[in-house]
Amino acid sequence: MKYTQLDIAPTISSLLGFEIPDKDGREIEEIRVYCEDKNIDQILLIVVDGVGASLYKKLNGALGQFRALSEEGLFFEIRSLAPRITTPNVGTILTGYTPEHHRLYEVADTFYTPVKSILEIASDSGIKSGIVIELLGAKAMLNRVDLAIGVENLHGIIDYDRRITDLALKAFRSEGIRLLMIHLRAIDNCAHHYAKAWDDFIFSARTIDENLERICQGLCRPTLILATSDHPIHVEKWAHLENNNTDVPLIASYVNAASGPKKGE
Ligand SMILES: [Zn+2]
């Protein structure tokens, strides 16, 4: 059976050695096997906003660092869940529950929910966890994880993603975080706000790829990177880029600080 977004959280929990109660997803066996002979100190979960499997293929040339990681590691096309909008889908990725089960439909829902994400369960189990996302989302996670950093989009989305990247590296380096989730938004933001032509998507994709490259070069300890997306493009004008495909990509790749894959190699 095909893997889905429900399976990411159970895979992470199994790698880090804790349980998600009543989960709807299952562990991705191939990732467990891939990690068996590797010494993984920390896990970075990167959610790239709004890139389905078909768009990902079309952007291939602009995503050299993603390609390098998937060639060194594993690549899956996994099923995304309805409603395919950011908050419920990030909720699914972080909990391993269906939206009907976690009921996180708007950011406001994340403030008082009794549902725990893998970040909170990890933290409760003594594994330092953190999140670097937009300000309101981070506020909701404050005091529920070891580190919740909120970033405001003050100077445009490219600057926003770049600051998220810088803070992610800092979280690993200075705070001893072992499980971190970040959300990079340039491509989705482009689709919603400024895309006039295909070149605009290429441009946004390149900026995200550069951030991934900086992450790979800046990590100090052996890391499992899991990179995925919350939903395919949902802006009607550009939905044709996904060819009616509702899958999203999932990359699992080991980056050893000393010998991480470099694009173009
Ligand atoms: Zn989104």
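This is a predicted model: local features need pLDDT of at least 70, side-chain atom pairs count only at pLDDT 80 or more; totals for chains, interfaces and linings use all residues.
Residues are numbered from 1 along each chain as its sequence is written. Helices (H or I, at least four residues) and strands (E, at least two) are DSSP runs, numbered from the N terminus.

Helix α12 covers residues 198-218, and its axis comes within 7 Å of that of helix α4 (residues 64-72), with a crossing at roughly 50°. Axes are lines fitted to C-alpha atoms, for helices over the stretch in contact, and angles run from 0 to 180 degrees between N-to-C directions. Angles under 35 degrees count as roughly parallel, over 145 as roughly antiparallel, 65 to 115 as roughly perpendicular and the rest as oblique; α4 and α12 are therefore oblique. On the α4 side the contact involves Gly64, Gln65 and Phe66, and on the α12 side Asp209, Leu212, Glu213 and Cys216. Two residues are in contact if their C-beta atoms, placed from the backbone, lie within 7 Å.

Helix α10 (residues 157-175) also packs against α12, at an angle of about 15° and with the axes 10 Å apart. The two helices are therefore roughly parallel. From α10, Ile158, Asp161, Arg162, Thr165, Ala168 and Leu169 take part; from α12, Thr207, Ile208, Asn211, Arg214, Ile215 and Gly218 do.

In helix α11 (residues 186-194), the buried residues are Ala186, Ile187, Asp188, Asn189, Cys190 and Ala191. A residue is buried if 20 or more other C-beta atoms lie within 10 Å of its own, exposed if 12 or fewer, and partly exposed in between, with C-beta atoms placed from the backbone. The elements covering these residues include β1 (42-48), α10, β5 (179-184) and α12.

Most residues other than glycine have a negative phi, and most peptide bonds are trans. The bond between Ala82 and Pro83 is cis, with omega about 15°; Pro83 sits in the loop between β2 (74-79) and α5 (86-95). Asn243, which is not a glycine, has a positive phi of about 50° and lies in the loop between β6 (223-229) and β7 (247-255). Because 13 other C-beta atoms are within 10 Å, Asn243 is partly exposed. Asn244 is found in the loop between β6 and β7 and has a positive phi near 60°. Asn244 counts as exposed because it has 9 C-beta neighbours inside 10 Å.
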